[in-house]
Amino acid sequence: MFDMTLLVLLALAALGFVSHNTAVAVSILVLIIVRVTPLNHFFPWIEKQGLTVGIIILTIGVMAPIASGTLPPSSLFQSFLSWKSLLAIAVGVFVSWLGGRGVTLMSSQPGIVAGLLVGTVLGVALFRGVPVGPLIAAGLVSLFLAKS
C-alpha cells in the first residue's frame, strides 16, 4: 500500500534540503521517523502539545542572551529611550496579539491549518523564513475573516 502522507512529508523534507533550510528538513525527518516507527502513538501528544513545547524552546532561545548576561539589563532599559526600540516593542506586542488570535483560529477552524502549514513551509523553504509563520498567518487570516 502506498502512503501518500509519507510522500508529501518526503517532498517537504526535500524542499527543505534544496533550499538549505535545515530546520524544516530536520523537523520533517523527525516526524517521518515518528510516523514509520512505533513512536507513532505519540502523534496525539505531539499534535496537542507540540506548539506549546516549540514556543517554550523558542522563548528559551530568545531569552538566553538575557540569562547569560550577553544582553545586560541596562540595554533592556535603554530600549525604552529610542524610537526604534519603542517601535520594536509595539510591533512585538502586535505580533504576539496576532499569534494569540492565530491559536484561537487554528483551534476553531482546523480546515485552515493545512493552508497555513503549506504556506509556512513554502515561505521557510523558498524565502528563508522562520517556521513561526502559522501563528502569525492565522492571526492575519483571523483579521481578514473578522473572527476573534
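Is W97 buried, partly exposed or exposed? At 41% relative accessibility, W97 counts as partly exposed, where buried means under 20% relative accessible area, exposed over 50%, and partly exposed in between (1.4 Å probe, protein chains only). The views below come from a predicted model, in which local features need pLDDT of at least 70 and side-chain atom pairs count only at pLDDT 80 or more, while totals for chains, interfaces and linings use all residues. Residues are numbered from 1 along each chain as its sequence is written, and side-chain values use heavy atoms, with hydrogens and water left out.

**View 1. The aromatic pair of F94 and W97.** The structure holds one aromatic pair, a term for rings of Phe, Tyr and Trp (its six-membered ring) whose centres lie within 6.5 Å, with planes under 30 degrees apart counted as stacked, over 60 as edge-to-face and the rest as tilted. The ring centres of F94 and W97 are 5.9 Å apart and their planes stand at 35°, so the pair is tilted. Because F94 and W97 are three residues apart in helix α5 (residues 83-108), about one helical turn separates them; helices here are DSSP runs (H or I, at least four residues), numbered from the N terminus. F94, at 40% relative accessibility, counts as partly exposed.

**View 2. I32 and its contacts.** I32 is found in helix α2 (residues 22-36) and, at 9% relative accessibility, counts as buried. Leaving aside neighbours within four places in sequence, I32 is in contact (heavy atoms within 4.5 Å) with L6, L9 and L10. Although I32 and L9 are 23 residues apart in sequence, their C-alpha atoms are 6.9 Å apart in space.

**View 3. The largest nonpolar core.** Seven residues, L9, A13, V24, I28, I32, V121 and V124, make up the largest nonpolar core, that is, a set of buried Ala, Val, Leu, Ile, Met, Phe, Trp, Tyr and Cys residues joined through side-chain atoms within 4.5 Å. Helices α1 (4-18), α2 and α6 (113-127) each supply at least two residues of this core, and the largest share, three residues, comes from α2. Apart from this core lies another, of six residues, among them L105, M106, V113 and A138.

**View 4. The loop at P72.** P72 is placed in the loop between α3 (43-68) and α4 (73-78) and is partly exposed, with a relative accessible area of 31%. The C-alpha atoms of P72 and A13, which are 59 residues apart along the chain, are separated by 39 Å.
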